[in-house]
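Student: I am new to this structure and would like to work through a few of its helices with you. Could we take them step by step?

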Amino acid sequence: MEFKYPEARRDESKIDNYHGTEIPDPYAWLEDPDSEETKAFVEAQNELTMPFLEKCALRGKFTERMTELYDYPKYSCPYKRGNKYFFYHNTGLQNQSVLYIQDSLDSDPQIFFDPNKLSADGTVSLQMARLSEQCECFAYGLSGSGSDWVTVKFMTVADQKELPDTLERVKFSCLSWTHDDRGVFYNCYPRQEGKADGTETTTNLHQKLYYHVIGTDQSQDILVAEFPDNPKWQSTAEVSDDGRYVLLNIREGCKRVNRLWYCDLQLLPNGIKGLLPWVKVIDNFDAKYSYITNEETVFTFLTNLDAPRSRVINIDLSDCDPTHWRTLIPEHHKDVLDFVTCVNGQFLVVDYMRDAKDVLQLFSLTSGKLLKTLPLDLGTIAGFSGRKKDTDIFYKFYSFLQPGVIYHCDLTSETPEPTVFRQVEVKGFDPSDYQTVQVFFPSKDGTKIPMFIVHKKGIKLDGSHPVLLYGYGGFNHSQQPSYNVAYLIFVRHLGGVLAVANIRGGGEYGETWHKGGSLGNKQNCFDDFQCGAEYLIREGYTSSSKLTIRGASNGGLLVAACVNQRPELFGCGIAKVGVMDMLKFHKFTIGHAWTTDYGCSDNEEEFHWLIKYSPLHNLPLSSSPAPPYPAMLLLTGDHDDRVVPLHSLKYTATLQHCVGRRPGQRQPLLIRIDTKSGHGAGKPTAKAIQEEAHIFSFIAETLGLSWRD
């Protein structure tokens with residue numbers, strides 16, 4: 001089937017010069033989201049895409065089944081504040097989860113805060129929520145249409161009365177209460193020209209840290225930290241467990257390193273009145289330091305200093321000489337130390353990642369000695385609650401086939417043993433019919449890459465199965481087992497196989513694994529992913545014509561780059577909110593923070609890294625000999641102010657011009673541009689179901705898959 005794509009004006013005069021190399025940018029006009037021409041382009045694309053998606057043969061069945069299987073109760077771990085317990089709960093199909101309060105774990109819970117009442121379509125979401133130390137006040141941040149911009153509001157806990165305090169211009173912010181419940185530390189950006197609703201592309205610079213006193217106007221908030229000479233710096237403030245200190249973490253970009261400053265609040269006789277007298281413990285970007293707890297001046301941190309898989313150290317703030325720092329838990333020889341929390345005053349709950357699967361252990365805070373390993377199946381810790389003052393912990397486990405088990409463990413017992421606190425089952429799906437295996441395949445350079453594979457038990461490896469291969473490979477983010485209803489429908493009703501590749505660039509084996517797929521090594525990500533596809537074909541799971549690759553954000557870049565490099569290897573590509581213009585990404589919103597993972601075209605050496613794989617700049621010329629492209633569906637949202645829509649718009653225009661006009665191109669090259677939708681966080685359930693139904697019915701339609709009851 002041939003498609004007639006919308007005509008998009010090409011400005012052949014728009015040419016950028018990068019270190020002596022001229023690069024055409026004929027669709028640069030699509031960078032203006034407010035121009036009438038851009039709006040017309042978006043409308044024309046949706047007028048082509050949406051009827052195609054709505055007419056896909058299996059859309060109705062997928063929507064119906066997705067709605068049925070998604071309708072199961074979802075719970076977070078309960079957590080204690082003051083003498084109350086709180087937890088999030090979604091009855092099944094509510095657009096947003098609801099926050100509940102209860103007097104005890106056995107008492108009847110009551111609704112405390114329901115975001116669903118804030119908008120009829122569920123597009124206003126709760127993005128931040130912090131209860132004050134004495135549980136007197138609740139601070140919460142609301143986001144509209146998926147934007148990263150947040151408005152912070154407050155209400156009392158006892159009578160749930162809304163307070164007039166409102167904080168605007170909040171983005172990428174902390175929300176940390178001082179222990180007197182008097183106020184919160186938060187971050188915001190200066191006002192800028194033009195709009196700030198999530199549809200703008202303006203660069204986010206000069207974030208500042210403020211202290212807001214409850215009962216005052218935001219205009220009276222106290223500026224406590226700013227970095228006028230370093231406009232790209234961002235910070236977070238964290239109040240120590242004992243309430244005495246506030247720690248300041250400063251970062252630039254997405255690299256896992258930070259400066260570490262602190263202020264002793266007891267040395268402020270008049271309270272917080274202005275810029276705080278910060279003491280600089282670490283004043284470089286050599287490593288990451290994450291606060292765990294402290295005993296007076298002895299602070300415990302999780303760090304990757306001289307430890308790419310991380311370790312736990314003690315630093316005495318009365319003597320910050322690094323030669324006097326003490327290792328409490330050394331770096332493991334293989335496993336990655338993922339998170340550490342202090343509970344019951346004397347224990348450290350430590351989560352390790354072993355070949356992308358979680359291992360949960362209990363250590364002594366004083367000696368660093370391993371005390372106990374808590375039992376876990378193959379999967380992921382998806383939630384945890386427990387603080388230094390708490391005597392028990394809760395943790396939520398899930399896997400590809402398990403939607404969620406919450407465990408409770410009383411640490412006052414001499415032999416603490418976790419028990420099942422709450423377990424969820426999904427009606428109409430029997431996980432015992434399916435299996436998860438982990439394999440290790442060689443990449444192009446011989447590196448062994450782990451990959452999870454989920455499929456029905458007893459399948460024949462005859463190359464006949466459709467496969468969905470998912471990957472990310474960036475920013476130290478690890479791809480661990482997770483429960484996804486849409487993926488299970490693909491496996492159950494389309495006879496599919498799910499594969500998740502833990503390619504380099506992620507954090508599955510620590511900082512070394514991350515560096516192996518970033519900056520000048522970025523091609524390793526694409527090689528790993530392509531070798532994963534070849535493995536699935538070689539081992540008889542599938543064939544090229546039945547292989548779909550999928551990724552989002554940095555994973556959208558992954559999909560587009562791999563399709564450009566090996567179009568014949570795939571039958572379908574799904575690229576959601578992808579970074580497509582690698583030469584200009586740093587110019588829009590928070591894109592400048594990604595240069596720590598990608599590099600920047602302003603630097604000549606890094607320009608030559610980027611131009612080799614930038615999806616926008618590596619599409620074949622319409623006149624050059626090249627194999628046809630697989631079916632392609634790009635997805636973006638009009639309020640995505642993380643990876644702004646212009647990336648997908650420019651790539652789509654170029655893709656349709658260069659590939660879509662070829663006589664041999666039979667598969668569709670489409671883009672779905674959602675309204676009142678952002679990068680993904682806070683997406684209402686109704687929108688999520690519709691989106692997944694469109695994606696999988698597109699896969700089924702273009703690969704010729706049939707429904708199996």
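Student: How many of the 19 residues of α10 are buried?
Tutor: This is a predicted model, and in it α10 is mostly covered. A residue counts as buried when its relative accessible area is under 20%, and by that cut-off the number of buried residues in α10 is 15 of 19.

Student: What distance does helix α10 reach from its first C-alpha to its last?
Tutor: Helix α10 runs over residues 685-703, and at 1.5 Å a residue a span of 27 Å is expected for its 19 residues. The reach in the model is close to that expectation, at 27 Å.

Student: How are α2 and α10 oriented to each other?
Tutor: The two helices pack with their axes 9 Å apart, at an angle of about 140°. Angles over 145 degrees would count as roughly antiparallel, and the angle found here makes the orientation of α2 to α10 oblique.

Student: Which residues of α10 make the contact with α2?
Tutor: On the α2 side the contact is formed by Arg59, Phe62, Thr63, Met66, Thr67 and Tyr70. Taken over both helices, the contact residues divide into six nonpolar, five polar and two charged. Those contributed by α10 are Thr685, Ile689, Glu692, Ala693, His694, Phe696 and Ser697.

Student: What is the handedness of the crossing of α2 and α3?
Tutor: Helix α2 covers residues 59-70 and helix α3 residues 485-493, and their axes come within 10 Å and cross at roughly 120°. The two helices are therefore oblique to each other, and the handedness of their crossing is right-handed.

Student: How many residues of the contact of α2 with α3 are nonpolar?
Tutor: The contact is made by Phe62, Arg65, Met66, Leu69 and Tyr70 of α2, together with Val485, Ala486, Ile489, Phe490 and His493 of α3. One of these residues is polar and one is charged, while the number that are nonpolar is eight.

Student: Is Gln530 buried or exposed?
Tutor: Gln530 lies in helix α5, which spans residues 523-538. Not counting residues up to four places away in sequence, Gln530 touches Cys562, Gln565, Arg566, Leu569 and Phe570. Its relative accessibility is 6%, and Gln530 therefore counts as buried.

How values were computed: Residues are numbered from 1 along each chain as its sequence is written. This is a predicted model: local features need pLDDT of at least 70, side-chain atom pairs count only at pLDDT 80 or more; totals for chains, interfaces and linings use all residues. Side-chain values use heavy atoms; hydrogens and water are left out. Helices (H or I, at least four residues) and strands (E, at least two) are DSSP runs, numbered from the N terminus. The expected span of a helix is 1.5 Å times one less than its number of residues. Buried means under 20% relative accessible area, exposed over 50%, partly exposed in between (1.4 Å probe, protein chains only). Axes are lines fitted to C-alpha atoms, for helices over the stretch in contact, and angles run from 0 to 180 degrees between N-to-C directions. Angles under 35 degrees count as roughly parallel, over 145 as roughly antiparallel, 65 to 115 as roughly perpendicular and the rest as oblique. A crossing is left-handed if the near helix is turned anticlockwise from the far one by less than a right angle, and right-handed if clockwise. Contact means heavy atoms within 4.5 Å. Ala, Val, Leu, Ile, Met, Phe, Trp, Tyr, Cys and Pro count as nonpolar, Asp, Glu, Lys and Arg as charged, and the others, Gly among them, as polar.
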